[in-house]
Amino acid sequence: MSARIVRRGVRGTLLPTLTGRPAERLVDFAPAADSALPGAACAEVDPDLFFPADDEAGEFAERRARQICAGCPVREMCLALALKRSEQHGIFGGLDPAERRTLARKRYRETARAKKGVA
């Protein structure tokens with residue numbers, strides 16, 4: 001009986017993890033004046049992919065956008081910029097608008113607790 005090796009990916013799924021290229025220097029990934037992120041994995045991809053429609057094709061586009069974000073070396077900066085600008089549409093940093101609102105509320109509550117000293 002041969003043993004089957006299963007490679008686990010993100011969050012225990014069977015999908016292989018996507019990794020971004022390592023940063024040469026942190027300066028390479030600093031946001032530009034127009035809020036563009038040099039080195040972003042989405043730079044060479046159709047932007048419509050990150051603003052999916054509400055149909056079956058949109059579900060595929062959303063999954064693909066999240067896969068691209070998963071391997072992006074500037075994912076955290078992208079998410080931080082989207083939260084700062086309160087982006088209402090699209091996939092940024094691998095999160096959709098509802099997920100970003102939830103994250104923003106959670107961070108707000110955590111800061112409020114920390115200010116009260118009830119951490």
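1. V45 touches F50 and I68, leaving aside residues up to four places away in sequence, where a contact means heavy atoms within 4.5 Å. V45 lies in the segment before α1, helices here being DSSP runs of H or I with at least four residues and strands DSSP runs of E with at least two, numbered from the N terminus. With a relative accessibility of 25%, V45 counts as partly exposed; buried means under 20% relative accessible area, exposed over 50%, and partly exposed in between, with a 1.4 Å probe and protein chains only. The C-alpha atoms of V45 and A65, which are 20 residues apart along the chain, are separated by 9.3 Å.

2. Basis of the model. This is a predicted model, in which local features need pLDDT of at least 70 and side-chain atom pairs count only at pLDDT 80 or more, whereas totals for chains, interfaces and linings use all residues. Residues are numbered from 1 along each chain as its sequence is written, and side-chain values use heavy atoms, with hydrogens and water left out.

3. Confidence. The pLDDT, which is the predictor's confidence in each residue on a scale from 0 to 100, averages 77 over the protein, and 69% of the residues score at least 70. Over residues 6-20 the pLDDT stays under 50, and the model has 20 contacts beyond four places in sequence for that stretch. Over residues 22-27 the pLDDT likewise stays under 50, and there the model has one contact beyond four places in sequence.

4. Overall make-up. The secondary structure comes to three helices and zero strands, and the elements run α-α-α from the N terminus on. Of the 119 residues of the protein, 23% count as buried. The accessible surface comes to about 9200 Å², of which 55% belongs to carbon and sulfur atoms, the areas coming from the Shrake-Rupley method with a 1.4 Å probe and, for residues, with only the protein chains shown counting as cover. Among the contacts with a separation of 6 or more, 40% are accounted for by residues 24 or more positions apart.

5. The aromatic pair. The structure holds one aromatic pair. The rings of F51 and F92 have their centres 6.0 Å apart and their planes at 80°, so the pair is edge-to-face; rings of Phe, Tyr and Trp (its six-membered ring) pair if their centres lie within 6.5 Å, and planes under 30 degrees apart count as stacked, over 60 as edge-to-face and the rest as tilted. Since F51 lies in the segment before α1 (56-70) and F92 in the loop between α2 (75-85) and α3 (97-116), the pair ties together parts that are 41 residues apart in sequence.

6. At 45% relative accessibility F51 counts as partly exposed, whereas F92, at 13%, counts as buried. Besides F92, F51 touches H89 and G90, not counting residues up to four places away in sequence. The C-alpha atoms of F51 and A61, ten residues apart along the chain, are separated by 8.1 Å.

7. D96 and its partners. D96 lies in the loop between α2 and α3 and is buried, with a relative accessible area of 18%. The side chain of D96 makes a polar contact with the side chain of R66 (3.2 Å), a polar contact being a pair of N or O atoms within 3.5 Å in which, within protein, one must be able to donate a hydrogen and the other to accept it, and for which residues adjacent in sequence count only if both atoms are side-chain atoms. The backbone nitrogen of A98 lies 3.2 Å from a polar atom of the D96 side chain. Leaving aside residues up to four places away in sequence, D96 touches E62, R66, G90 and I91.

8. The buried residues of α2 are C78, L79, L81 and A82. They cover an arc of only 160° around the axis, which puts them on the same side of α2, the arc being that of the directions from the helix axis to the C-beta atoms. What covers these buried residues includes α3, while the face of α2 turned away from its buried side carries the exposed residues E76 and K84.

9. The residue after α2. Just after α2, S86 takes a positive phi of about 55°, although S86 is not a glycine. Most residues other than glycine have a negative phi. S86 lies in the loop between α2 and α3 and, at 45% relative accessibility, counts as partly exposed.
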